[in-house]
Amino acid sequence: MTAAPETMTALAQHWCALSVLHERIADRIGRRLEADHGLSVRELSLLTVLDRQAEGRHLQMRQVADAIVLSQSATTRLVTRMEDRGLLARTICKDDRRGIYTDVTAEGRALLAAAAPTHDAALREALDEARGNPDFKPLVEALERLG
């Protein structure tokens with residue numbers, strides 16, 4: 001069963017609006033994080049994902065890459081850069097020497113704690129602004145219902 005052309009057109013328009021809204025929000029958040037904390041959106045995402053690991057449990061690099069929507073190789077490069085900045089630390093798994101764990105350092109946790117309110121404020125501002133656009137208003141309202 002295929003959708004009528006007008007339905008596909010409407011669906012494509014909604015997808016386009018969602019894509020534009022995402023880019024605008026990500027851009028606003030990114031500019032604020034960079035200006036206030038020297039941190040990119042991806043870096044904040046990585047810190048958040050790694051900080052939420054359960055005590056004694058670690059995500060595989062593939063799982064981390066999926067969570068922050070990057071390739072494994074790009075994720076590894078990002079981890080290396082953040083490790084060089086002292087925000088992350090890698091350790092060898094005691095049970096399986098092939099396994100490498102990545103954890104947030106105290107410095108990384110402090111930066112995450114400082115940057116989270118900036119992220120949330122920029123997100124709120126972007127959503128409030130988007131609500132004024134009729135193409136974005138239903139998307140904003142749907143997002144808020146999820147929260």
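# Close-up views of a predicted model

**View 1. Phe 136 is found in the loop between H5 and H6.** The model shown here and in the other views is predicted. Phe 136 has a relative accessibility of 5% and counts as buried, because the cut-off for buried is under 20%. Leaving out residues up to four places away in sequence, Phe 136 touches Ala 17, Val 20, Leu 21, Arg 24 and Ala 130. Along the chain, Phe 136 and His 14 are 122 residues apart, yet their C-alpha atoms are 8.9 Å apart in space.

**View 2. Helices H5 and H6 cross at roughly 140°.** Their axes come within 8 Å. This angle makes H5 oblique to H6. On the H5 side, the contact is made by Arg 124, Leu 127 and Ala 130. On the H6 side, Lys 137, Val 140, Leu 143 and Glu 144 take part. Sorted by class, the contact has 4 nonpolar and 3 charged residues, and no polar ones.

**View 3. The largest pocket has a volume of about 750 Å³.** Its lining is made up of 24 residues. His 22, Ile 29, Val 41, Ser 45 and His 119 are the closest to the centre of the pocket. Helix H1 (5-37), H2, H3, helix H5 (106-130) and helix H6 (137-146) are the elements that each give two or more residues to the lining. By class, the lining residues divide into 17 nonpolar, 4 polar and 3 charged.

**View 4. The second largest pocket has a volume of about 220 Å³.** Thirteen residues line this pocket, and those nearest its centre are Leu 59, Gln 60, Met 61, Ile 100 and Tyr 101. Two or more lining residues come from each of H3 and strand E2 (100-104). The largest share of the lining, 3 residues, belongs to E2. The lining divides into 6 nonpolar, 6 polar and 1 charged residues.

**View 5. Helix H3 meets helix H4 (residues 72-84) at a crossing angle of roughly 95°.** The axes of the two helices come within 9 Å. H3 and H4 are therefore roughly perpendicular to each other. From H3, the residues in the contact are Met 61, Arg 62, Val 64, Ala 65 and Ile 68. Their partners in H4 are Gln 72, Thr 75, Thr 76, Leu 78 and Val 79. By class, this contact has 6 nonpolar, 3 polar and 1 charged residues. Met 61 also belongs to the residues nearest the centre of the second largest pocket.

**View 6. Arg 62 sits in helix H3.** Arg 62 has a relative accessibility of 41% and counts as partly exposed, because that class covers values between the 20% limit for buried and the 50% limit for exposed. Arg 62 is one of the H3 residues that meet H4. Arg 62 and Arg 32 are 30 residues apart in sequence, and their C-alpha atoms are 29 Å apart in space.

**View 7. Val 69 lies in the loop between H3 and H4.** Its phi angle is near 55°, a positive value in a residue other than glycine. The relative accessible area of Val 69 is 60%, and Val 69 is therefore exposed, since exposed means over 50%.

**View 8. Gly 56 is in the loop between helix H2 (41-51) and helix H3 (61-68).** Gly 56 is exposed, with a relative accessible area of 67%.

**View 9. Thr 105 occupies the loop between E2 and H5.** Thr 105 counts as buried at 19% relative accessibility, because this value is under 20%. Neighbours within four places in sequence aside, Thr 105 is in contact with Gly 86, Leu 87, Leu 88 and Ala 89.

Notes
Residues numbered from 1 in each chain as written. Predicted model: local features only at pLDDT ≥ 70, side-chain atom pairs only at ≥ 80, totals over all residues. Heavy atoms only, no water. Helix = DSSP H or I, 4+ residues; strand = E, 2+ residues; numbered from the N terminus. Buried < 20%, exposed > 50% of the residue type's maximum accessible area, 1.4 Å probe, protein only. 1 Å grid on protein atoms, 1.4 Å probe; cavity = no way out; pocket = protein on both sides within 12 Å on 5 of 7 lines; lining within 4 Å. Points joined across faces, edges and corners; volume = space filled by probe spheres on them. Nonpolar A, V, L, I, M, F, W, Y, C, P; charged D, E, K, R; others polar. Axes fitted to C-alpha atoms, helices over the stretch in contact; angles between N-to-C directions. Parallel < 35°, antiparallel > 145°, perpendicular 65-115°, else oblique. Contact = heavy atoms within 4.5 Å.
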